[in-house]
Amino acid sequence: MLKKLDQAFPIEPIIKQVSELPYFEKFVQLNETDEGRLFNGPYRIKPEFVGTPLGNVLGALGAIGEARLLKLKPEASYMAHSDPDDRLHMSIITNEYCRIIDLEENQMYHLPVDGSVWLMNTGNIHVASNFGAHERIHLNIRVLLPDVKDNWVKFTVEGGDYDWRHIIQISITRWMNRAIKEGKMLGIRKLTDREMLVTPRDAACLEELVRVGEQAGFTVTTSTV
Ligand SMILES: [Fe+2]
């Protein structure tokens, strides 16, 4: 689920920069893009981070998506989910009880603070958890996804129970992560939590996506307008 990149960075200046940031609750965003471009970019490093250790990491990684510092407080965990876009991770502040857990492979990972960057296959259902007594801060970067082409289809899901967001993340999102890697989906653009534009490779791929949504309990509609 996690693969170390060849690139690594001097970690001490990054730790220093992160330690000196003003207090934040959950995340700090380091770059930005235009409205509606979350998955597709291009992203610009925020002016306050240009030329800093964190900004230099982003610059060296090339064309990347949204980059955030994510804080996990003591005893905190995410809910089980998949992401449509794979992620790069760099551990900056951690403790020995922090884990990324691949719930499909039943595997746990602890990322050491050594300047390494890890590519994480977030198509597997996973969580990050901090079982320790001190906060954890990771640099988390989205891998850009291809934008839709002219022949896009609008895909909408309605209904679902109170946990519809969670159900989307473990069904439709999981399928989407794989479908993009397998070439079944040639482009995706997020509109809202229930609505996206997609460019399927062919009719069968779109039918598969519709089936995944329906099997997860949603009313699915597709439209080309
Ligand atoms: Fe995730």
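This is a predicted model: local features need pLDDT of at least 70, side-chain atom pairs count only at pLDDT 80 or more; totals for chains, interfaces and linings use all residues.
**Entry 1, the main core.** I began with the largest nonpolar core and found 36 residues in it. Leu 30, Leu 58, Met 176 and Ile 188 have the most contacts inside this core. Next I looked up which elements give it two or more residues: helices α2 (53–61) and α4 (172–181) do, as do strands β5 (67–72), β6 (87–93), β11 (136–142), β12 (153–158), β13 (185–192) and β14 (195–200). Helix α4 gives the most, with five residues. I also checked the domains: domain 1 (2–142) and domain 2 (153–223) each supply at least three residues to this core.

**Entry 2, around Ile 188.** Which residues is Ile 188 in contact with, leaving aside its neighbours within four places in sequence? I noted Phe 39, Pro 84, Leu 145, Val 148, Met 176, Ile 180, Met 196 and Val 198.

I then traced an open sheet of six strands, in the order β1-β9-β6-β11-β5-β2, and its pairing is antiparallel. Strands β1 (2–8) and β2 (27–29) are the edges, each pairing on one side only. On average, neighbouring strands are turned by 25 degrees against each other, direction ignored. Looking at β5 and β11, I found six bridges joining this antiparallel pair; Ala 67 has Ile 141 in β11 as its bridge partner.

Last, I looked at helix α1 (residues 11–19): it lies across β5, β6 and β11 and runs at about 75 degrees to β6.

Methods. Residues are numbered from 1 along each chain as its sequence is written. A nonpolar core is a set of buried Ala, Val, Leu, Ile, Met, Phe, Trp, Tyr and Cys residues joined through C-beta atoms within 7 Å. A residue is buried if 20 or more other C-beta atoms lie within 10 Å of its own, exposed if 12 or fewer, and partly exposed in between; C-beta atoms are placed from the backbone. Helices (H or I, at least four residues) and strands (E, at least two) are DSSP runs, numbered from the N terminus. Domain bounds come from an automatic or database domain assignment. Two residues are in contact if their C-beta atoms, placed from the backbone, lie within 7 Å. Two strands pair if DSSP finds at least two bridges between them. Axes are lines fitted to C-alpha atoms, for helices over the stretch in contact, and angles run from 0 to 180 degrees between N-to-C directions.
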